Amino acid sequence: MRPKYAVVLLAAGLVACGSNTTTSTSASKASAGGTLYYLTRRPSEHLDPQRTYIGRDIANESRLVYRTLTTYPTATGKDATKVVPDLATDTGRMSNGAKTWEFTLRPGVKWQDGSPVTCEDIRYGVSRTFATDVITGGPIYALQFLDIPKDAKGSVYKGPYVKNPDGQAAFDKAVSCNGETITFKLKQPVADFAYAVTMPAWAPYKKAQDKGDKSNYAVFSNGPYKLEGSWEKGKGGTFVRNDQWDAATDQIRKALPDKIVFTEGLQDEVIAQRLTADQGNDKYAVSDRSVPPAMRPQVKGNPSLKSRFEIVDAPYVDYLVPNFRKMTNPLVRQALLTATNKAAWVTATGGTDAGKPAQSVISPVVNGYKQFDAYGVPDQGDPAKAKDLLTQAGVSTPYPITLTYNGGTPTSAKSASALKEGWEKAGFAVTLNELTDTYYNVIQNPANASKYDVTWASWGADWPNASTDVPVLWDSRLNLSAASNGQDYGLYSSDKVNAMIDKAYLETDLTKQAALWGDIDEQVAKDIAYIPLRSQRFFLLWGSGVKGWIDNPSTSNFPDLGALGVE
């Protein structure tokens, strides 16, 4: 989600390109040593690299514990989105019309136990993605890209936990090692594959450490930090220096603090209050959570805070997903879209400091964004027209629907209520289903689809190309199994769109390809597979003792732990 682009929290999903701060940032040089504190609300659903798909967690894991073949620099602006070598000696060698990619591992990189990171470790990490009934929740690019045949139940390769000689042979052909050079053979051209392998899902994994689902909160590091003790979901954990990390092999991560302490489960208001007060250890604290709307005037009006907050464009778009198994009548979906008051949603989520009404699920900062308005609906919605559409649909009113959304905060409750009010003016009867602990693992399970008519979602491109928006969200062939719908929460399916996606992949000129993604996005919008709500902005605050703050779009503009230190 999640920019890297990646998926955000409410704010959390992908990583993205382009930032626009409205205040100065803390550019002071940071020195090594001390403890950095990270305050957050939502628990991490996964620390397993192959299962991680929340933008915040991708950013943090990539900087602290999991190195990948390529990555992004600790930089700002467009420079931050240029892929650079990490575990590999270069950004990959493409051949066969972008269907074959080779990477050679750099020597000297070690796991936290001192053993070397090998090509076979990369192969094993990638293999875990195929165990879709065990390694759930992560991105599915390996299943989408690698040249491995399918059977009636999906890929013929079922991952490393199932003995299947034919499936294993297919995987071995698609992903092979020659010494410390790994070769990926793809079923389709992927001209931006060097960007794909920046994600933790493509990170190495040491087979001896793998306990399947029980490894979800285990961390075995090849980065500058390692987990001290264990991670407690809802509470957090502490990362300390990994003495097997060699800075000579890593030109990206500065690794300045001696410790980084994560605290989960804090309310956004509490986080903002603590960072504003700037007392004790909170002087050395950062957060991924935006300052709540009610507290923003206080922060903006306080001269002492001017140098340690920012309002920055984020790569994420809030949107709604109609359930195509339940909301089968296109006129009902059009009525829902027409009644949606996205302006009220923006106001409830914090106004212009938090974002602006969206017309597309693709962020304007991503290559492939196309400006269009599929149905000409005003941002405030049109309840009268929506009511007429329900009449044309021939359904009884009030028409009952259930909205499932990611809650737990006053802001999320107000936002959902704003949608409910607009919809009910048009003739819908709305039940709000609030999820507060975990979210995506619920709406990604098709077994739960009978419980909702529409879901809230948020998405950011996984790298700076809409190839990580359109196919991931709308290619129905990527529905994995009875246990996971991938990222297609509404179970949308269109042969026309699938064919358009295939055509776009055949275009290896990324500029021309971007235009094709925009055309597909417009088609999906006309099918009302989604209802766009808001292009997000973040309002971030940090402690006075935090140094080296940068706006890095490759970390979704979340705190870049590869750059930060403490005074």
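In the predicted model, a single aromatic cluster is formed by Trp101, Phe103, Tyr141, Phe145, Phe184, Phe193, Trp202, Trp463, Tyr505 and Trp517. When neighbours within four places in sequence are set aside, Trp423 is found in contact with Leu320, Leu336, Ala339, Thr340, Ile401, Leu403, Phe428, Val430 and Val454.

Aromatic pairs number 35 in total. In one of them, the ring centres of Tyr399 and Phe428 are separated by 6.0 Å and the ring planes stand at 90 degrees, so the arrangement is classed as edge-to-face. Because Tyr399 belongs to strand β18 (residues 399-406) and Phe428 to strand β19 (residues 428-435), this pair ties together parts that are 29 residues apart in sequence. Both partners count as buried, since the relative accessibility is 18% for Tyr399 and 2% for Phe428, where the cut-off for burial is under 20%. A second pair, Tyr440 with Tyr489, has its ring centres 5.8 Å apart and its planes at 45 degrees, and is therefore tilted. Tyr440 lies in helix α12 (residues 440-443), whereas Tyr489 lies in the loop between α13 (470-474) and α14 (495-506), so that parts 49 residues apart in sequence are tied together by the pair. Tyr440 and Tyr489 are both buried. Aromatic rings also take part in a contact with a charged residue, in that Arg128 is placed over the face of Tyr205, at 3.8 Å from the ring centre.

Turning to the strands, an open sheet of 5 strands is arranged in the order β12-β13-β14-β3-β15, and its pairing is mixed. Strands β12 (225-232) and β15 (285-287) form the edges, each pairing on one side only, and from one strand to the next the twist averages 20 degrees. Strand β3 (residues 35-39) runs parallel to β15 and is joined to β15 by 3 bridges, with Tyr37 standing opposite Ala285 in β15. Helix α1 (residues 55-64) lies across β3, β12, β13 (236-241) and β14 (259-263), and its direction makes an angle of about 160 degrees with β14.

Technical notes. Residues are numbered from 1 along each chain as its sequence is written. This is a predicted model: local features need pLDDT of at least 70, side-chain atom pairs count only at pLDDT 80 or more; totals for chains, interfaces and linings use all residues. Side-chain values use heavy atoms; hydrogens and water are left out. Two strands pair if DSSP finds at least two bridges between them. Helices (H or I, at least four residues) and strands (E, at least two) are DSSP runs, numbered from the N terminus. Axes are lines fitted to C-alpha atoms, for helices over the stretch in contact, and angles run from 0 to 180 degrees between N-to-C directions. Contact means heavy atoms within 4.5 Å. Rings of Phe, Tyr and Trp (its six-membered ring) pair if their centres lie within 6.5 Å; planes under 30 degrees apart count as stacked, over 60 as edge-to-face and the rest as tilted. Buried means under 20% relative accessible area, exposed over 50%, partly exposed in between (1.4 Å probe, protein chains only). A charge sits over a ring if NZ of Lys or CZ of Arg is within 6 Å of the ring centre and within 35 degrees of the ring normal.
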